[in-house]
Amino acid sequence: MAHGPAKGIGRWLFATNHKDIGTMYLWFSFAMFLLGGAFAMIIRAELFAPGMQLIKPEFFNQMTTMHGLIMVFGAIMPSFVGLANWMVPLQIGAPDMALPRMNNLSFWILPFGFALLASTLFMEGGAPNFGWTFYAPLSTTYAPDTVNFFIFGVHIIGASSIMGSINIIATILNLRAPGMTMMKLPLFVWTWLITAFLLVAVMPVLAGAVTMMLMDINFGTSFFDAAGGGDPVLFQHIFWFFGHPEVYIIILPAFGVISEIIPTFSRKPLFGYSSMVYATSAIAFLSFIVWAHHMFTTGMPIAGELYFMYATMLIAVPTGVKVFNWITTMFRGSLTFETPMLFAIAVVILFTFGGFTGLMLAVAPADIQYHDSYFVVGHFHYVMVAGAVFSMSGAVYYWLPKWTGKMYDETMGKMQFWIAFVGFNIAFIPQHFLGLAGMPRRYADYALQFSDWNMVSSIGAFMYGAAQLMFLYNVISTIVSGKPSTEEKTWEGAQGLEWTLPSPAPFHTFSTPPNVK
Amino acid sequence: MSINATQKITLKLVVAAVGMFVFAVFLMPPLYDVFCELTGIGGKTKGQYQGATVAVDGEREIKIQFVATNNGAMPWDFSPVEYQVRVHPGEKKAVEFYARNPTARDMVAQAVPNITPNNAADFFHKTECFCFNRQPLKAGEETKMGLVFIVDPELPASVTTITLSYTLFDVTDAAETSALAANN
């Protein structure tokens, strides 16, 4: 009993093994990814042509809101927590996570949080319809009654996230194998350590924001209600004090993943390891002091606009260091282009593109023009999807042989990559044009001059959606009937403790800590 | 029972998380108010002016414009009696706003002021204002609501026009709730 997994459903319900919990996180987040993706398909189908064809505008608003909420909190964040569960103990030579029972709790409350959130779709009044940023008073005075389900859902999701982060920090700080000093940690572990600190710092602020909403809606307080002496702009400050670090919570683990993949397929150690660590820390610090660049149109005084504009531009410096290091790692390396490497290179290119549009948005006078337009939608999909989701896809292909002991089909993997890559760009490049031409975001309809690019964008979105179904097929067919791949080092250029273990990784690993030289 | 390293770090992180929640709910709103008050950002006006009377600066004349807006679906007729007045800094000036409740039910309103430009907010003193209190009006009733103000002679020289805007909120429900609470 002590040496193998339990039988039946109990193995999952009472799981304390980091690999089982990691697997559950990954599957759960993929299910959420498909749900949020289905919402995106509805949005793009409605926007395929001008005029209202498929759904009502009220439902369209619910779709944009739920798409954002589900993708950010349900798909991207839990997927990286799942990856951390699987890989952090393997990469630092630990037998398990530091707090296995809390690990179980932090996963198992998630389905309840999202059930609360998604159940609103079937209620009178409908799902949240105020945008994923849930600005007051849209989310308080004018919200449907179901907003309370949304609030409690966010509380649960936040609690899960905080517990997951505490677990990851405790594991990294206390369970490293002898000789595994901080500056020997793989970069994925480093980026997650910093991400976890960000989460502990800002998830409670999000919980605070929704708690204040709850009080305003149900208990007559006036945190965000001007009639009672409150201020709706205060909501935006509190939300973005959470929201901007949140952006880096999503992207830093993705940076960690591609810092693992690129050296492997360049057959060179990562260039500038310590500068990567410092750059990550610098990004994390800066993320706390730039939040109001989301609020340039609220009527900030000029000094505030200048400060937030320059501070935001400063983030390009450590980010540039990272991009430079990835490119330099590839420079004169013996490159091969297996599927994980293709995803990693795509991240470097497309994330940089998204970073540049971010710089454009950082310029306060320009932002006042771009604000709330499709340019912003294009920008953040380049960093969220092409940054986080692409690197997650790459990570799954990269470590799947280690998890399952089976090799995915390289041709199918490459095909999925190219369909996703081409589809993604067809979907989101046109949105930049639409935004610059003045198309506002979050509307169910648009003026006729935007028709052509919207149709192109929708076609790209359907392509990208199809690529995800192919991804699901690839993963399942690998698990079911993949070619056995049992050597320890799946990739001959790979470095790190996880590649000293047999494939598939046994249920218990590093029960005796390895010696790291 | 001794506390091991994992329990220690967990405890610290839980305290940090709870601390951040407390910071968000109990410290951020008051800090925001203090920050806005100190800097004048947001155009919030001060409460009732208690300062001494000051010498009138007859050389300067400031244009004061009034804007009256209804929030959301607030049905009252609400407008300044005079849309614009000219005052010398230091001079005490009284103006009136007209309000009428055209509905068939008794209502309570709250006016929320805002000053433009922001750097004038500190120098616009109100000795009396209908915005200090909730304004009840019975069904069909109309009223004139008073405002008495002094522009401080210290007003920055760059400011020649001050716009004072009032947004009228329907607080009937909130007023009933607090009245019920008071009766209990």
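1. In chain A, the helices α14(A) and α16(A) pack with their axes 11 Å apart and at an angle of about 10°, where axes are lines fitted to C-alpha atoms, for helices over the stretch in contact, and angles run from 0 to 180 degrees between N-to-C directions. Because angles under 35 degrees count as roughly parallel, α14(A) is roughly parallel to α16(A). The contact joins S393(A), V396(A), L400(A) and T404(A) of α14(A) to F471(A), V475(A), T478(A) and I479(A) of α16(A), two residues being in contact if their C-beta atoms, placed from the backbone, lie within 7 Å.

2. This is a predicted model, in which local features need pLDDT of at least 70 and side-chain atom pairs count only at pLDDT 80 or more, while totals for chains, interfaces and linings use all residues. Residues are numbered from 1 along each chain as its sequence is written, and chains are lettered from A and ligands numbered from 1 in the order in which they are written.

3. Among the buried residues of α16(A) are N454(A), G460(A), Y464(A) and F471(A), a residue being buried if 20 or more other C-beta atoms lie within 10 Å of its own. What covers the buried residues of α16(A) includes α2 (18-46), α14 (374-404), β1 (406-407) and α15 (410-436) of chain A; helices (H or I, at least four residues) and strands (E, at least two) are DSSP runs, numbered from the N terminus.

4. Turning to the chains, the contact takes 28 residues from chain A and 25 residues from chain B. α7(A) gives the most to the side of chain A that touches chain B, with nine residues.

Terms used. A residue is buried if 20 or more other C-beta atoms lie within 10 Å of its own, exposed if 12 or fewer, and partly exposed in between; C-beta atoms are placed from the backbone. Angles under 35 degrees count as roughly parallel, over 145 as roughly antiparallel, 65 to 115 as roughly perpendicular and the rest as oblique.
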